[in-house]
Amino acid sequence: MVKGSSSRRFGHLLISGLIFLAACLGFAHLWSVRVETALGQARQSMQAVAADVEAMAHAAVTGVQILRTAAEEGLAAHGAGGHAAAWAAVVPRDTASGPGFSTWYGPELAARRRACYLFGTGLLPEAGSERANEIEVAFALNGLMADLHERIPPAAWIYYTSAQKFTCLHPYARVAGSLAWSEDFLRHPVFADSGPERNPGRAIRWLEAYLDQAGQGLMTSVVAPIYDPHGQFRAIVALDFTLSSLSGYLESAARDAGRLLVVNQEDQVLVSFPALDGPRLWNLSEVLPEKLAAEALQAVPSGECRAHGRWRACRVNLQEAPWRLVRLVDARQLGWQQLADMKVEIAGMVLLLLLLITVERRRQLAEIMKEGGERYRRIVEGSEQGFWDWNIMARKFSASARFDAILAYAPGASPLRSGEWLRQVHPDDQEAVRRAIRHHLLGRELSLQIEFRARARGGQWKWLLAQGRIVERDGGKDRGRPLMMSGTLTDVSRRKQAEADLIAAKQVAEAANVAKSRFLASASHDLRQPLQASNLFISALARTPLNEEQQKIAHNLGLATKALGELLDALLDISKLDAGVVTPQLAPVEIYEIFQRIESEFASLAMEKELRFKLFFPSHPLVFETDLGLLMGLLRNLIGNAIRYTEWGGVLVGTRLRRGRLVIQVWDTGIGIKEDDLPRIYEEFYQVDNPQRERIRGLGLGLSIVRRMASLLGYRLDCLSRYGRGTVFEISIPLQEGASPGAARGGKSRAQVNFQVLRGARCVLVEDDSLVARALESWLESHGMRLQHFPDGDSALKDPHITEADFYVTDFRLPGGLSGIELLDAIRQRRGGPIRALIVTGDTSIEQIDAFAVAGWPVLHKPVEPLLLLERMAMMWRDDGPEEGVAPGFTGSDPASDP
């Protein structure tokens, strides 16, 4: 029975295949005939184009010959008369190289339409002189030039250039007044190659193609030398025309298939259709397909076509010009084009194929239905999942063999099939399993999906995933009591183990992150101590008698130290940026302040590399809200990279307003970034063009920090680059309603704070670092304050006069048992009233910042700007008066915000 069925199937398939094969062969023959016809038409159209170009070249050569004959006859006659109007139009003119002359006809178009533009060097020649006679000859050629220009549309220029240093150029209107004589005219190959040394036969020659400097594109010239009756080389007459003008001849022939080229003897492509990219000279080898060599094209006889793989190459040599026409046809592409035109034939093939498929499909449907049951059985047995059915009303449970094998039981032997199946479930999971099944049966859940542990045959626990749903009810699909439920059972023990491993790894990573944060907090404190001392010593130095140069050095040293402190803050906060614990402290900032800092920090660096460093920002004040520290850290990275990777040219930092946003851009003319590298520049430790990891090129963290800062501030960061040309980074800052020209900050500025009120005030300084303590003493005493220093809190509290000071400045971390907070609390309690106090610390951990906020004491973080310290103390004195306590509300911990 099976054998007979197979024989019939084979017979049906054989007949259908033969019918379709015959149709395909006929279609292929028709297609090949059409392709050959198209190739023949392409060859014929190429012959027609060759005839047109040949005629144009013949006209050009003949026209130049006529001009040469007329010129030599004029020279033999020692000039020509009847050109008084032309001489009247010749006027003197001054040029960069000295006196000269040229023609000017004024606005009368009729007068200059058939006139040439005569221009030369030196004074106007006297009538009857040799130079005047030759100019008469040039005037006599005007009519011939005009006629030749009209007969040859591609002609761009027709001109007579004399060794007597003048030129008569046609047409006049296009160049009037824009040209002046230059000695380069006689050195140009058009003139220099026409003399007796390089052209002893006095032949009319076609020049090689060249790129016109006036923007005309590719050009060529037909040049004829002119000799006087004595055999002396006197001048040339030439016809220039733009090669792109020949594309009109090629367009009609090349439109149907392939590419059509005009090539000279040096294998330079003069013109192509379709056009090639860019105004430059192309070599034939650059245009030919990879598998078609120029030597193979040379072997093609003129007027013939040859096949080279998938390509058809045709060639026609011209007689009047040293050119040849080349046609390249992609036979494969042409075949596809012809195939696209055979719509009716293709539709017939498709209908025939559909008919054959329909007949065969009907025959196969019966066999498919027969094989369906067998296929389902094989799928069930081969699956990693166990399939099960539960007849709820009959209390009958059936399952596949895989269902039993999951718990290592033989087929039909799994305890999960029995009525006591729940005993195999882990005691901790039994209630969850009961609840999941009950909720689905009651309609509270659309499907059953529960993970639980079950005991395998060997006694070990396995994680299982049970999935299923009610597939039959007595009232229809979604109504009535449930009758049948089906689903799958899957072993998910490996996934559960992987999840447990992932949780353990996460806990290890979190512990490492906590350790890293503690280390960074400790490093922050230790690094800020000497930097704080440097700030204070520099400020104290600035108050001593210094000459102008020393003051400038001290000022720049202060700016550098300040920048180092801000950079240290950014580096030590990188882990906090990743953890999301850094909160931007927004405050009004004037754009001028940002660019003033940029100039002071980077102008000297650019000058050292001899780079131009330009800043562009609005002349009027522009205020916007930002975190100045984060924004400056972001800009320092971008500008530093721009200077580091730029060897010539310069760097520009500019800003502009764009659709309600402030855009800051950093431009450079450096090495640029390859397009493939752009997506990776923000990765940690990734550097462009630094595979040896040279330390002088940085660590590769800058742009990673920039991306984090921009994301934290909510700014958009974009980058555009051209490899070898330069890069621009753009920061887009959204402006709020209040962002407008005006003052940068509310309240009094530092210039308005009177530091004289601190003179004579007594200040207690508690600092264990002797270097920082000496620096603070120098700075505060330079402003007339009286300082009393204690190395720790215990020694300060032992002083009986400790409560009599006007100010208290203390570090947070102190030797002994007292911290800075505890010391200030003790002094305030002993005094019985408020005190003026500041905590100056290098501890920047998140936990300690929160503790400062709870304690209520104002905090400044090291390194502290010396003027900011004085400002805070003076404002305390101003707000409280000399006899009152601490200023109410002055308890913030942000050193960058105004009180």
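1. Which residue forms a salt bridge with E647, and how far apart are the closest N and O atoms? The partner is K609, with the closest N and O atoms 3.6 Å apart. This is a predicted model. E647 lies in the loop between α19 and β24 (650–658), and K609 lies in the loop between α18 and β22 (612–616), so the pair ties together parts that are 38 residues apart in sequence. E647 counts as exposed, at 58% relative accessibility, while K609 is partly exposed, with a relative accessible area of 28%.

2. E601 pairs with R636, and their closest N and O atoms are 2.7 Å apart. E601 belongs to helix α18 (residues 591–608) and R636 to helix α19 (residues 628–644), so this contact ties together parts that are 35 residues apart in sequence. Both residues are buried.

3. The count of salt bridges comes to 22. Among them is the one between R453 and D429, with the closest N and O atoms 2.9 Å apart. R453 sits in strand β18 (residues 448–455) and D429 in the loop between α13 (401–405) and α14 (430–441), so the pair ties together parts that are 24 residues apart in sequence. D429 is buried, with a relative accessible area of 10%. Elsewhere, E130, E134, D228 and R234 are linked in a network of salt bridges.

4. The whole structure holds 13 aromatic pairs. One of them, Y117 with F119, is stacked, at 5.2 Å centre to centre and with 25° between the planes. Y117 is buried, with a relative accessible area of 0%, and F119 is also buried, with a value of 2%. Together with W181 and F185, these two residues form one aromatic cluster.

5. F191 and F233 form a tilted aromatic pair, 5.3 Å centre to centre with 50° between the planes. F191 lies in helix α7 and F233 in strand β9 (residues 233–242), so the pair ties together parts that are 42 residues apart in sequence. Both F191 and F233 are buried. Helix α7 (residues 189–192) also contains P189, which is partly exposed, with a relative accessible area of 41%. The C-alpha atoms of P189 and E208 are separated by 9.9 Å, although the residues are 19 apart along the chain.

6. The charged end of R202 sits over the ring of Y227, 3.7 Å from its centre. The charged end of K496 sits over the ring of W463, 4.5 Å from its centre.

7. Strands β1 (residues 90–95) and β2 (residues 98–103) run antiparallel and are joined by six bridges. They form a hairpin with two residues between them. Within this pairing, T95 stands opposite G98.

8. Five bridges join β28 (residues 762–766) to β29, and L765 stands opposite H789 in β29.

Terms used
Residues are numbered from 1 along each chain as its sequence is written. This is a predicted model: local features need pLDDT of at least 70, side-chain atom pairs count only at pLDDT 80 or more; totals for chains, interfaces and linings use all residues. Side-chain values use heavy atoms; hydrogens and water are left out. Two strands pair if DSSP finds at least two bridges between them. Helices (H or I, at least four residues) and strands (E, at least two) are DSSP runs, numbered from the N terminus. Buried means under 20% relative accessible area, exposed over 50%, partly exposed in between (1.4 Å probe, protein chains only). Rings of Phe, Tyr and Trp (its six-membered ring) pair if their centres lie within 6.5 Å; planes under 30 degrees apart count as stacked, over 60 as edge-to-face and the rest as tilted. A charge sits over a ring if NZ of Lys or CZ of Arg is within 6 Å of the ring centre and within 35 degrees of the ring normal. A salt bridge is a side-chain nitrogen of Lys or Arg within 4 Å of a carboxyl oxygen of Asp or Glu.
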